[in-house]
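Me: I have a two-part question list for this entry and would like to go through it step by step. Please take a look at the structure first.

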Amino acid sequence: MADMKVYFDNNATTPLHPEVKKEMIAAMEMFGNPSSMHAYGREARANVENARRKVAEFIGASEKEIIFVGSGSEANNTVLSLFVCGSSQCIPGSKSRSSIITTKIEHPCVLETSECLGHRGVRVRYLDVDQYGKVDLDQLAGMLGSDVGLVSIMMANNEIGTLQDIETIAKMVHESGALMHTDAVQAVGKVPVDVRKLGVDFLTMSAHKIYGPKGVGALFVRKGVPYCPLIRGGHQELGRRAGTENTLGILGLGKAVEMRALEMPYEEERLLDLKHILRNGIEESIDDIHFNGHPTDALASTLNVSFSGVEGEAILLYLDIEGIAVSTGSACASGSLDPSHVLLATGVNAELAHGSIRFSMGRESSREEVDYLLDVLPRIIQRIRNMSTAYIKGGMHAASR
Amino acid sequence: MLQAGDWAYSETLKEHFMNPKNILQGENTDEFDGVGMEGNLQCGDQMMVVIKVDKEKGVIQDCQWKTYGCASAIASTSILSEMVKGRTLDQAFNISPKEVAQALGGLPDHKIHCSVLGDKALRAAINNYYTRNGQEDKVKQEQAKVICQCMSITDHDIEDAVLEGARTYFELQERTKLGTVCGQCKDEAELLLEKFKHIHFGV
């Protein structure tokens, strides 16, 4: 068995912060329904509202602009689905603006919802990205017009970490009269996010990517922006999201952002150093590789690398045996048959997409872990390449040997 | 609370992934009697099988391989190379992907396509052996023609799907998963779809 356990899959999910865990355990007895008027209910309500204050403060919003939801996916579904209403009579004045613009590198919860809306009569257009995963602002300018109701662009990409200039994009979008949504699930708690500075109308965030519990997220909806709930039938969240509140989860989210506010400012430099060491170490010890994502405008925690002639699931499972957890853009690890749509959108060929590995570090990641990975990885790649058809005589990469 | 299993697939698969048997060392295939290769890197799977044959008995003495692919692909080529040793060329030619999957202790549905290239590469190697030894008459062309390399879908499969009700390319994909990986076979598959619709249903 492996000597060390290394968790480099923090973009998939994160372990609970010890302080979050402590607070949630202490609150385990709190079972009241926040809608009840008695003492049990008032206790739950007080904690839900306390968490709302913390979340609002963390992203520069006001409390009434925060809606607690069950996940980032739910928040994204809510925002996009609004525009089926927007194209009918629910939201006055928006009938003529029934098109949506999004990108080719969004999370599947945005892409598949967009596709579904397309079937329901909404016109959806997808922005291209460059080789680093940045959206094309000229293309966006060309698409914006009086028919566009919503633009949805993720702030930080989960696979390659590339950050978009949401502030500039939001200005362009507003000048054209449309609303702006950003899926900031991978950005909030990793880079500074202020909804006023960004100028967005909707913003999605999730607890479990920032050391909070799973099953809870928040949707920021700017005051005065038209809104329609996805889940109806209750007065919770001011009628904007029915269903009894996930009190423990919400409390955990509140504590998670509180801890992020304390730790985030000191973290970026440390993670950037680690990423630098990891990147250089891979570059020095392994040939025929390709780094994916933007070299500078990207999350400090995320490094995505493609290894020629090697399939990603094999790398993932050999690393797993060595105690190292990562993820891959290979089709084989996803249950689907297509490699990463994000990498393909950046123009990477299918082989390199199949051979991609994402290392996503977090607050617990250390130099020791990076060194261990750098010790193990070259041997694994060498071992897989030794059995790969890519490097045999007449094989795809034979010439490079 | 349940604990995680220590492995994603079967124990046999793990053994063949951790310690693959009969990997061809180096690049030289000259000392082998037959060489076969199938698949491509863009689809995510490519396998090469090389064999040594006891020419008098027509029995496979040695089988080695290279594979570009996932754990299931690596393990299925490894176990295949063990299975064929000592078999006659005829027996080896008839090994099916299903037998390989069974020998591995079963594969999840979405991994079946990862194991279908090994036996194809083996058949190519056997045919290559016949060709090299002046026994072209024994070369067995696959009865069916593979249209979709990625999912190993033949013209026969397409005909079956049409007979079972597929009328559009989308329905054909739903039934066969054809063209769902690299998509290069779309034009050819659409022509065959029209052909079989015409033959069987006159549309």
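The conversation below goes through the chains, their domains, their contacts and their cores.

Me: Before anything else, what kind of model is this?

Reply: This is a predicted model.

Me: Starting with chain B, how many helices and strands are there?

Reply: Chain B has eight helices and five strands. Read from the N terminus, the order is α-β-β-β-α-α-α-α-β-β-α-α-α.

Me: And what does the C-alpha trace of chain B span?

Reply: The span along the principal axes is about 65 × 50 × 25 Å. Of the 203 residues in chain B, 45% are buried.

Me: What share of its contacts join residues at least 24 apart?

Reply: Counting contacts in chain B between residues at least 6 apart in sequence, the share is 60%.

Me: Which domains is chain B divided into?

Reply: There are two entries in the assignment for chain B: domain 1 (11–138) and domain 2 (146–201). Their C-alpha centres lie 27 Å apart. Six residues of domain 1 of chain B are in contact with six residues of domain 2 of chain B. On the domain 1 side of that boundary, two residues are nonpolar, four are polar and none is charged.

Me: Let us turn to α1 of chain B. Which of its residues are buried?

Reply: Helix α1 of chain B covers residues 11–18, and Leu13(B), His16(B) and Phe17(B) are buried in it. These residues lie on the same side of α1(B), because they cover an arc of only 100 degrees around the axis.

Me: What covers them?

Reply: The cover includes α10 (312–321) of chain A and α2 (71–84) of chain B.

Me: Next, β1 of chain B. How many of its residues are buried?

Reply: Strand β1 of chain B spans residues 34–40, and five of its seven residues are buried, so the strand is largely enclosed by the rest of the structure.

Me: In what sense does β1(B) pair with β2(B), and over how many bridges?

Reply: β1(B) and β2(B) pair in the antiparallel sense, over seven bridges. Within β2(B), the residue opposite Gly34(B) is Ile51(B). The two strands form a hairpin with four residues between them, and Gly44(B) in the turn has a positive phi of about 100 degrees.

Me: How many residues of chain B are in contact with chain A?

Reply: 24 residues of chain B are in contact with 24 residues of chain A. On the chain B side, the elements that give two or more residues are β2 (45–54), β3 (59–68) and α2. That side divides into 15 nonpolar, seven polar and two charged residues.

Me: Moving to chain A, what are its domains?

Reply: The assignment for chain A gives domain 1 (6–14 + 263–400) and domain 2 (18–259). The C-alpha centres of these domains lie 29 Å apart.

Me: How many residues are in contact across that boundary?

Reply: 23 residues of domain 1 of chain A are in contact with 24 residues of domain 2 of chain A. On the domain 1 side, α9, β10 and α11 (341–345) of chain A each supply at least two residues. The element that gives the most is α11(A), with three residues. By class, this side has five nonpolar, 14 polar and four charged residues.

Me: Which strands form the open sheet in chain A?

Reply: The open sheet has four strands in the order β9-β10-β13-β12, with antiparallel pairing. Its edge strands are β9 (289–292) and β12 (327–328) of chain A, each of which pairs on one side only. β9(A) and β10(A), the latter covering residues 302–307, pair over four bridges. His290(A) has Ser306(A) in β10(A) as its bridge partner.

Me: Last topic, the cores. Which residues have the most contacts inside the largest nonpolar core?

Reply: That core has 78 residues, and those with the most contacts inside it are Ile59(A), Ala218(A), Phe220(A) and Leu253(A). Helix α9 (residues 247–285) of chain A contributes the largest share, seven residues. The core draws at least three residues from each of domain 1 and domain 2 of chain A.

Me: Which residues is Leu253(A) in contact with?

Reply: Beyond its neighbours within four places in sequence, Leu253(A) is in contact with Ala51(A), Val55(A), Ala207(A), Gly212(A), Val216(A) and Ala218(A). Another core, apart from the largest one, has 73 residues, among them Leu377(A), Val50(B), Cys114(B) and Tyr129(B).

Notes
Residues numbered from 1 in each chain as written. Chains lettered and ligands numbered in written order. Predicted model: local features only at pLDDT ≥ 70, side-chain atom pairs only at ≥ 80, totals over all residues. Buried ≥ 20, exposed ≤ 12 C-beta atoms within 10 Å, placed from the backbone. Contact = placed C-beta atoms within 7 Å. Core = buried A, V, L, I, M, F, W, Y, C linked by C-beta atoms within 7 Å. Domains from an automatic or database assignment. Arc of directions from axis to C-beta. Nonpolar A, V, L, I, M, F, W, Y, C, P; charged D, E, K, R; others polar. Pairing = 2+ DSSP bridges.
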